[in-house]
Amino acid sequence: MEKTKAKSNATANGKNAMNKQQPKNSNKENNHENDSRLEKFFQDELKDIYWAEQHLVKTLPKMVKAANAGELKSAFNEHLEVTKGHVSRLEEVFGILDQKPEAKKCEAMEGITKEGESIIEDTEDGTSTRDAGLILATQKVEHYEIATYGGLAQLAKTLGYYDVSDILEKTLSEEKEADEGLSELAEHTVNEHAASEE
C-alpha cells in the first residue's frame, strides 16, 4: 500500500511539474502562464492591430490618388512602404510568441478610414482643402496607432516579452515620426494654401 501511495504522489508531482513548465518562448523571462487573461488580451490586441495595418496597406493608395500636393503624395507613398514593414514586424512578433499570424477586424480603424473616405467625397478634387482634410484623417489613424503600440509595448514588458516590446517600440517611434511629418506639412504649406481657397 505504501508503494502504491508513493507511486501516486510521484505521478501527481510529475503532472504539477509539467503544468509549471515555462512556455516554449525562451524570450519570456517572467513566469506567466500562457493562458492568463492578460496574455489572451495581449494576443487579441495584436490580431486587432495586424488587421489594422493590413487595412492601411489597402487604404493608403486611395489617399495618394486623392491628394493634390506632391509633398503629401510623397508622404503617403513613403508611409505605405513603412506600413508594409509594420505588417512584417507584427508577423515576426507572432513568430516569437509561437503563434500563427492572425488578423481580427479592427472596428476602430475601419471607422477612422471610412471617415477619411467621406472627406474625399465631401471635398473638391485638386484643392488644398482636401489635402488638409486628408492630413487630419491620417493623423487620426496615426494617433490610434501610437496609443495602440505604446500600450502593447508596455504589456509585452509586463508579460516578459522584452524582444517583442523592442519591436513594438520601433514601430511606435515610426508612427510618431509620421505624425510629426504630417503636422509640419500642414502647418508650413497645406493649411495656408487651403485658407486662401474660396
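A pocket here is an open set of points on a 1 Å grid over the protein atoms alone, with protein on both sides within 12 Å along at least five of seven lines, and its lining residues have an atom within 4 Å of a point. The model is predicted, so local features need pLDDT of at least 70 and side-chain atom pairs pLDDT 80 or more, while totals for chains, interfaces and linings use all residues. Residues are numbered from 1 along each chain as its sequence is written, and side-chain values use heavy atoms, with hydrogens and water left out.

**Exercise 1. Work out how much space lies in the largest pocket and what lines it.**

Step 1: get the volume, the space filled by probe spheres set on the grid points, which are joined across faces, edges and corners. For the largest pocket that's about 320 Å³.

Step 2: look at the lining. There are 14 lining residues, and Ala75, Glu78, Glu177, Ala178 and Gly181 are the closest to the centre.

Step 3: find the elements, with helices taken as DSSP runs (H or I, at least four residues) numbered from the N terminus. Helix H3 (70-96), H5 and helix H6 (162-195) each give two or more residues to the lining.

**Exercise 2. Compare the reach of H5 and H6 with the expected span.**

Step 1: the expected span is 1.5 Å times one less than the number of residues.

Step 2: take H5 (residues 128-158). Its 31 residues reach 45 Å from first C-alpha to last, close to the expected 45 Å. After H5 comes Gly160, with a positive phi near 85°.

Step 3: now H6. Its 34 residues reach 47 Å, close to the expected 50 Å. H6 also has a kink of about 50° centred on Ala186, where the bend is the angle between axes fitted to the seven residues ending there and the seven starting there.

**Exercise 3. Find the aromatic pairs and say how each is arranged.**

Step 1: set the rule. Rings of Phe, Tyr and Trp (its six-membered ring) pair if their centres lie within 6.5 Å; planes under 30 degrees apart are stacked, over 60 edge-to-face, and the rest tilted. That gives 2 aromatic pairs.

Step 2: Phe42 and Tyr161 are stacked, 6.2 Å centre to centre with 20° between the planes. Phe42 sits in helix H2 (residues 37-66) and Tyr161 in the loop between H5 and H6, 119 residues apart.

Step 3: Tyr50 and Phe94 are edge-to-face, at 5.4 Å and 70°. Tyr50 lies in helix H2 and Phe94 in helix H3, so this pair ties together parts 44 residues apart in sequence.

Terms used
On a 1 Å grid over the protein atoms alone, a cavity is a set of points where a 1.4 Å probe fits but cannot get out, and a pocket is an open set with protein on both sides within 12 Å along at least five of seven lines; lining residues have an atom within 4 Å of a point.
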